[in-house]
Amino acid sequence: MTDAPPPPPAPPETPAWRLVSTLAVAGTLAGLLLVFVYQATAQPIAAHKAKMLRLAIQEVLGGPERYDTLYLVDGKFTGLPEGAKERDFERVFLGYGEDGRPVGFAIEADGPGFQDTLKLIFGYDAATKRILGMKVLESKETPGLGDKIEKDREWIDQFRRAVAPLVPRKPGSTKGGESGVDTITGSTISTKAVIKIINAALEDLGPAVEAYPAGEAKR
Amino acid sequence: MRKTTPGQDFSRGIWRENPVLIHMLGLCPALAVTNTVENSLAMGLATFFVLCGSSLLVSLCRGFIPNEVRISTFILIIATFVTIADMSLEAIVPTVHKALGAFIALIVVNCMILGRQEAFASKRPVGRAMLDAVGTGFGFIVALFLMGAVREVLGSGTFLGYSLFGPSYEPWVVMILPPGGFLTLGFLLMAISYVQRRRAQRREDETEGEVVARERAA
């Protein structure tokens, strides 16, 4: 690798059609190969993503019997309009308990964390304005410090039954009453980011969630 | 072209011309994803696969690829194998794929791989090219494994996820953060350069000793 060969005598020029056809053939073969690999792997990849989402919804809604996916269309949550693409709309998941009554909404949200965008999902009971649970889906927070937002069970459990909008507070303080969530020393930015993301998502989607008919029919 | 034996083609990449530890190629993944042994091995294996696949194909097609478009063709071949590795990892081991993130796609720009195509595989028969690719790829895995083992053991107190020192161990968090990558690489390079210098010194002493012995005999 290190010893450079002496410059070769100028080779005869290759005709342009050969250059183009070489690249075209190589590109076509590569494309075809990738189509096969994509088709073989698309299904397991999608299945895994769906499974992770299902587990997350189960966790933040406290194990609902089943759940529906609702899409935000013109400021209201409904089923998916016919012929529309799923990814064009914001969505939430409405979980139902064993008795068939709604237990709450699971809402995905993201926002800036300490290192990179944080993605999380949380459960929300529109009638009592209580958070039901929180789970971080994606984060690149500092290992050992910021990643406590994913790993510190005690901290995560604080979100259960906390009343929105959440108020960050120092451990030991009673600020915010039922809305207060303790921050963690050493992960102040990450813990506050989680609270901020949840509050922002509720400010954004809260009215539509609360207006959803099933939410009223429940009580 | 330097003449080499098949054995040399294979063993060269593992130690004497180790891509990471001697040539300092592919340092980006070596620093970025070696915070656990598992990630290091996954990254090493993915790169190994891409390197072997590309070398095989480049060596097979070396007669057809015009000189003017060789680099573009090599990159195309490498990119194809990287995409295959990316999709397969996501389908088979999604958690590892998530941990490695963008660094799998970035194997495309690992200059170690393009370097082997340009300097070796495009000029040798398939067998030799494969020996070289396997050796170099294995050397890459070894280097990443060393980095990952040091960083995980010190930074998390675990090896492949198994706790080594019990709950009383206070992990050196810095070792699994980016500075830990640089520290580990620095100390590894220091150790290697020490070993190399010792060997060179010993060889020198031996030759000197022979000369003295010969003079005495005379």
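Glu210(A) counts as partly exposed, at 27% relative accessibility. In this predicted model, Glu210(A) pairs with Lys129(A) in a salt bridge, with N and O 3.3 Å apart. The two partners come from distant parts of the chain, 81 residues apart: Lys129(A) sits in the loop between strand E5 (117-125) and strand E6 (130-138) of chain A, whereas Glu210(A) belongs to helix H4 (residues 188-211) of chain A. Lys129(A) is likewise partly exposed, with a relative accessibility of 37%.

## Salt bridges

Over all chains, the whole structure holds 15 salt bridges.

| Pair | N to O distance | Separation in sequence |
|---|---|---|
| Glu108(A) and Arg91(A) | 3.2 Å | 17 residues |

Glu108(A) and Arg91(A) are joined by a salt bridge of 3.2 Å, N to O. Because Glu108(A) lies in strand E4 (residues 102-112) of chain A and Arg91(A) in strand E3 (residues 91-96) of chain A, the pair ties together parts that are 17 residues apart in sequence. Glu108(A) has a relative accessible area of 27% and is partly exposed. Arg91(A), at 26% relative accessibility, is also classed as partly exposed.

Chain B contains a network of salt bridges. Its members are Asp9(B), Arg12(B), Arg116(B), Arg128(B) and Asp132(B).

## Asp147 of chain A

Asp147(A) is placed in the loop between E6 and helix H2 (148-151) of chain A. Its relative accessibility is 10%, and Asp147(A) therefore counts as buried, the limit being under 20%. The side chain of Asp147(A) makes a polar contact of 2.9 Å with the side chain of Lys151(A). Apart from neighbours within four places in sequence, Asp147(A) is in contact with Glu141(A) and Thr142(A).

## Chain B as a whole

Chain B is built from eight helices and two strands. Along the sequence these elements follow the pattern α-α-α-α-α-α-α-β-β-α. The C-alpha trace of chain B spans about 70 × 60 × 25 Å along its principal axes.

Of the 218 residues in chain B, 43% are buried. The accessible surface of this chain comes to about 11,000 Å², and carbon and sulfur atoms contribute 68% of that area. Among contacts in chain B with a separation of 6 or more, 73% are between residues 24 or more positions apart. Chain B carries 19 positive and 16 negative side chains, and the centres of the two sets lie 6 Å apart.

## Two residues of chain B

Glu152(B) is part of helix H7 (residues 126-156) of chain B. This residue is buried but has no salt bridge; the nearest side chain of opposite charge is that of Arg151(B), 9.8 Å away. The side chain of Glu152(B) instead reaches a backbone atom, the nitrogen of Leu160(B), at 3.0 Å. When residues up to four places away in sequence are not counted, Glu152(B) touches Asn35(B), Thr36(B), Val37(B) and Glu38(B), together with Gly157(B), Thr158(B), Phe159(B), Leu160(B) and Gly161(B).

Ile104(B) is found in the loop between helix H5 (94-100) and helix H6 (111-119) of chain B. With a relative accessibility of 0%, Ile104(B) counts as buried. Leaving aside neighbours within four places in sequence, Ile104(B) is in contact with Val82(B), Asp86(B), Leu89(B) and His97(B). The C-alpha atom of Ile104(B) is separated by 18 Å from that of Ala133(B), a residue 29 residues apart along the chain.

Definitions and conventions
Residues numbered from 1 in each chain as written. Chains lettered and ligands numbered in written order. Predicted model: local features only at pLDDT ≥ 70, side-chain atom pairs only at ≥ 80, totals over all residues. Heavy atoms only, no water. Helix = DSSP H or I, 4+ residues; strand = E, 2+ residues; numbered from the N terminus. Buried < 20%, exposed > 50% of the residue type's maximum accessible area, 1.4 Å probe, protein only. Lys, Arg positive; Asp, Glu negative; His and termini not counted. Salt bridge = Lys/Arg side-chain N within 4 Å of Asp/Glu carboxyl O. Polar contact = N/O pair within 3.5 Å; in protein donor to acceptor, adjacent residues only side chain to side chain. Contact = heavy atoms within 4.5 Å. Areas by Shrake-Rupley, 256 points an atom, 1.4 Å probe, with all protein chains shown as cover. Charge placed at Lys NZ, Arg CZ, Asp CG, Glu CD.
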